[in-house]
Amino acid sequence: MTDFFDRETDSKYDNAYKETTPDILKAFGEFNNAVFAEDGREIPLKYRELIAYAVGLTTQCAYCIDAHANAAVKAGASEAELAETAWTASAIRAGGAFAHGRLGFKLTGAHEH
């Protein structure tokens, strides 16, 4: 394996889904298309794409980062908006580690010492 992420050729691996679970793949595609429909939603597409970009950054999904950063730009997002979205995702991820650190104290009883 030379490249973990290759946007040009990785889609060939969709065949496993197409062959084994075509009904689920179809339902997922329809769901995704509804979520990211250009019109008919309260949240403008640019903001939905920026939200998806932030989630991709937080979950560290290279495919989501690629797809949704590009879709956000196509929907009108600026480089500054991408940067602020990345910082927002970073703050939430760091905040999660901070908050879950409290759980470590709770579970070990370290806070009682």
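A residue is taken as buried when its relative accessible area is under 20%, as exposed when that area is over 50%, and as partly exposed in between. By this criterion, the buried residues of helix 5 in the predicted model are L82, T85 and A89. Helix 5 comprises residues 79-108. The cover over its buried residues includes helix 3 and helix 4, the latter formed by residues 62-74. An α-helix has 3.6 residues a turn, so residues three or four places apart point the same way.

Helix 5 has 30 residues, and the span from its first C-alpha to its last is 44 Å. This is close to the 44 Å expected at 1.5 Å a residue. Just after helix 5, G109 adopts a positive phi of about 75°.

Helix 3, which contributes to the cover of helix 5, runs over residues 45-59 and contains Y47. The relative accessible area of Y47 is 41%, and Y47 is therefore classed as partly exposed. Together with I43, I51 and V55, Y47 makes a nonpolar surface patch of about 360 Å².

The loop between helix 2 (residues 22-35) and helix 3 holds D39. D39 has a relative accessible area of 63% and is therefore exposed. In sequence, D39 and A69 are 30 residues apart, and their C-alpha atoms are 19 Å apart in space.

Terms used: Residues are numbered from 1 along each chain as its sequence is written. This is a predicted model: local features need pLDDT of at least 70, side-chain atom pairs count only at pLDDT 80 or more; totals for chains, interfaces and linings use all residues. Side-chain values use heavy atoms; hydrogens and water are left out. Patches are made of residues with over 30% relative accessible area and no salt bridge: like charges are joined within 9 Å, nonpolar side chains (Val, Leu, Ile, Met, Phe, Trp, Tyr) within 5 Å. Accessible areas come from the Shrake-Rupley method with a 1.4 Å probe; for residues, only the protein chains shown count as cover. A salt bridge is a side-chain nitrogen of Lys or Arg within 4 Å of a carboxyl oxygen of Asp or Glu. Helices (H or I, at least four residues) and strands (E, at least two) are DSSP runs, numbered from the N terminus. Buried means under 20% relative accessible area, exposed over 50%, partly exposed in between (1.4 Å probe, protein chains only). The expected span of a helix is 1.5 Å times one less than its number of residues. Contact means heavy atoms within 4.5 Å.
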